[in-house]
Amino acid sequence: MSALESVLVQCPYCWETLDISVDPTVPEQEYVEDCQVCCQPIVLTVQLEEGRVVSVDARPENE
């Protein structure tokens with residue numbers, strides 16, 4: 001069992017830096033997570049290669 005990987009992203013609403021956890025066993029992920037500061041829904045798209053985060057895109061849910 002792999003540990004979750006910590007990744008920093010910026011909220012597209014309030015611009016705060018957020019620490020999110022990513023499952024390194026899933027190569028392509030897209031899910032909604034609420035901002036820990038302003039509670040707005042953020043769509044996170046995560047790409048991984050060989051268990052390492054290649055890119056993270058954080059965008060507003062209503063976009």
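Good morning, colleagues. I begin with the sheet: three strands form an open sheet in the order β3-β4-β5, with antiparallel pairing. Its edge strands are β3 and β5, each of which pairs on one side only. From one strand to the next, the twist averages 20°. Please bear in mind throughout that this is a predicted model.

Strands of a sheet pair through backbone hydrogen bonds, in either a parallel or an antiparallel arrangement.

Let me take the two pairings in turn. Strand β3 covers residues 28-34 and strand β4 covers residues 41-49; seven bridges join these antiparallel strands.

How many bridges pair β4 with β5? There are eight, again in the antiparallel sense. Among the residues involved, Leu48 has Val53 in β5 as its bridge partner. The hairpin that β4 and β5 form has two residues between the strands, and Glu50 in the turn shows a positive phi of about 50°.

The structure holds one cavity of 30 Å³ or more. The space in this largest cavity comes to about 30 Å³.

Which residues line the largest cavity? They are Val9, Leu18, Ile20, Glu33, Asp34, Cys35, Gln36, Ile42 and Leu44. In terms of secondary structure, β2 (17-22), β3 and β4 each supply at least two residues of this lining. By class, the lining comprises six nonpolar residues, one polar residue and two charged residues.

To close, I return to the overall arrangement. The sheet is open, with its strands in the order β3-β4-β5, and the strands β2, β3 and β4 each contribute at least two residues to the lining of the largest cavity. Thank you for your attention.

Methods
Residues numbered from 1 in each chain as written. Predicted model: local features only at pLDDT ≥ 70, side-chain atom pairs only at ≥ 80, totals over all residues. Heavy atoms only, no water. Pairing = 2+ DSSP bridges. Helix = DSSP H or I, 4+ residues; strand = E, 2+ residues; numbered from the N terminus. Axes fitted to C-alpha atoms, helices over the stretch in contact; angles between N-to-C directions. 1 Å grid on protein atoms, 1.4 Å probe; cavity = no way out; pocket = protein on both sides within 12 Å on 5 of 7 lines; lining within 4 Å. Points joined across faces, edges and corners; volume = space filled by probe spheres on them. Nonpolar A, V, L, I, M, F, W, Y, C, P; charged D, E, K, R; others polar.
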